[in-house]
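Student: I would like a close look at one part of this structure, with the pieces that pass or surround one another there. Please take me through it slowly, in one connected answer.

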Amino acid sequence: MSALVIVGAQWGDEGKGKVVDLFAAHADVVARFQGGNNAGHTLVVGDARERTVVHLIPAGVLHRQTTCVIGNGVVIDPAVLCGEIDELQGRGYLTDPAQLKIDERAHLILPVHRKLDVAREERLGEKKIGTTGRGIGPCYEDKMARRGLRVVDLFDPEYFRERAARLLEERNVELAQVYGWPAVDLDEVCSEYAGYAERLRPHVTDTALYVSEQIAAGKRVLFEGAHGTMLDIDHGTYPFVTSSNIVTGAVGTGAGIPPKSVSRVIGISKAYTTRVGGGPFPTELDDEVGRKLREVGDEFGATTGRPRRCGWFDAVVVRQAARLSGMSGLAITKLDVLSGMPKLKIAIAYESEGKRLETVPAGARAFAAARPIYEELDGWSEDLSQARRFEDLPAAARRYISRIEELTATPVTLISVGAEREETILLRDPFLL
Ligand code: GDP
Ligand code: IMO
Ligand code: MG
């Protein structure tokens, strides 16, 4: 029995897509269990460096023998999902419908959710969260308010209409009266979503049952987390977070398997830190070094194209993420981006009001007031993109990795030195560590 979970250890965009695609070569199933198309996971494959960005479809999709699952905990925008299926099929992937399974209990993002998301952010102005505007928050709100619509409802048009009418009764009032936006038309929603029912029907099933059967049969199942631990609705930097749980615990509810099925957890972290959207970010660099990280690391959002805020590696954040998810190993990505920096800094703790903090404080204002306590390490000048073994790395890069291991109390099991699959140093078999 082997179920491996991949979790982002920072604020998202750590390179989960690359690592999942790499591990998927040895997986029978790759399953998403939370979030939605606020995620953007990039896969770069082959000598031609063909680039694929997936938002809803699991990053195992380029491996034809790997079944991709969208679990019940994901919120699905069917327009985006159908577009992604079309795009991948147009390129010769996903030609067998059995390769993609969508859970019947997953909630649907409706046009009113997208509108509410954007309208709210506009209203918040300077105080906005900086959401992706994909309707994620409002959809999860309706799930919890027990007025949401689910994939299974697509196949019962009468019930869909009744439920959509009830949802719009409340949400249209909010849209029109709070934000002054035009109301969403019920007929339009029903006819648009009837079309998705037919498109998605071949893929829809009880994926919790499917995944648990696969695990019981000894298949290798990989759970692909989206976003990053600091965006977790409970454990992240609230309120500057997303609306789902991201930590390993979310696999149980979001994929419908008992937590004991999870045997390994790999956290993904960049060798530095980035964040898109608002909220405190203690190690942020608003200077030449930050600009260099953005430029060399090509730090622009895979979903919205927004420039990512960049800063030094924050060991407090990654240590906390490792604890919350019980990470058995860490994959450190984008080590290549740090080449050419004479000195590197790592935040080992914070200082706030004369006190030393070893963990991320709960309060947004307390976190905004936290100043990083840095340790300085030597950099290296060598290009790392050809390194395939730990020994190929310059001594200073090896020391940098070892220090991350010590500070996060987690062994580094993979080092990524480029966006392409091959540009990887694999230190241990992810399913066996
Ligand atoms: P995800 O959301 O965690 O899957 O990450 P994104 O795909 O949003 O962002 C990571 C970006 O870094 C993508 O453009 C990847 O192609 C790229 N990338 C991943 N690993 C590496 C690496 O080791 N080095 C470099 N230079 N780029 C990488
Ligand atoms: P991947 O899976 C980076 C951020 C948004 C915003 C906050 C809330 O590619 O790592 P939302 O639209 O979710 O309500 O926005 O969360 N965010 C991400 N940032 N990578 C992601 O996903 C993200 N998903 C959400 O920028 O700050
Ligand atoms: Mg991303």
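Tutor: Let's begin with a term: a crossing of two helices is called left-handed if the near helix is turned anticlockwise from the far one by less than a right angle, and right-handed if it is turned clockwise. Please keep in mind that this is a predicted model.

Now find helix H3, residues 111-124, and helix H4, residues 136-144, whose axes come within 7 Å of each other and cross at roughly 120 degrees. Angles from 65 to 115 degrees count as roughly perpendicular and those over 145 as roughly antiparallel, and H3 and H4 are therefore oblique to each other. As for the handedness, H3 passes H4 in a right-handed crossing. In general, two packed helices are described by the angle between their axes and the distance between those axes.

Next, turn to ligand 2. There are 20 residues around ligand 2, and those that come nearest are Lys-16, His-41, Thr-132, His-227 and Thr-242. Sorted by class, this shell holds seven nonpolar, 10 polar and three charged residues. Several side chains reach oxygen atoms of the ligand. In the side chain of His-41, an N or O atom is 2.7 Å from an oxygen atom of ligand 2. For Asn-38, a polar side-chain atom lies 2.8 Å from an oxygen atom of ligand 2, and for Arg-306 the distance from such a side-chain atom to a ligand oxygen is 3.0 Å. Ligand 2 exposes 550 Å² when taken alone, and the protein buries 97% of that.

Lys-16 also leads us on to ligand 1. Among the 20 residues around ligand 1, Lys-16, Gly-17, Thr-42, Asp-336 and Ser-416 come nearest. Two elements each supply at least two residues of this shell: helix H1 (16-24) and strand E3 (41-45). The classes here are five nonpolar, eight polar and seven charged. Some of the contacts involve the backbone: a polar backbone atom of Gly-17 is 2.8 Å from an oxygen atom of ligand 1, and a backbone N or O atom of Lys-334 lies 2.9 Å from an oxygen atom of ligand 1. Asp-336 uses its side chain, with a polar atom 2.8 Å from a nitrogen atom of ligand 1. On its own, ligand 1 has 580 Å² of accessible area, of which the protein covers 93%.

Conventions:
Residues numbered from 1 in each chain as written. Chains lettered and ligands numbered in written order. Predicted model: local features only at pLDDT ≥ 70, side-chain atom pairs only at ≥ 80, totals over all residues. Heavy atoms only, no water. Near = heavy atom within 4 Å. Polar contact = N/O pair within 3.5 Å; in protein donor to acceptor, adjacent residues only side chain to side chain. Areas by Shrake-Rupley, 256 points an atom, 1.4 Å probe, with all protein chains shown as cover. Nonpolar A, V, L, I, M, F, W, Y, C, P; charged D, E, K, R; others polar. Helix = DSSP H or I, 4+ residues; strand = E, 2+ residues; numbered from the N terminus. Axes fitted to C-alpha atoms, helices over the stretch in contact; angles between N-to-C directions. Parallel < 35°, antiparallel > 145°, perpendicular 65-115°, else oblique.
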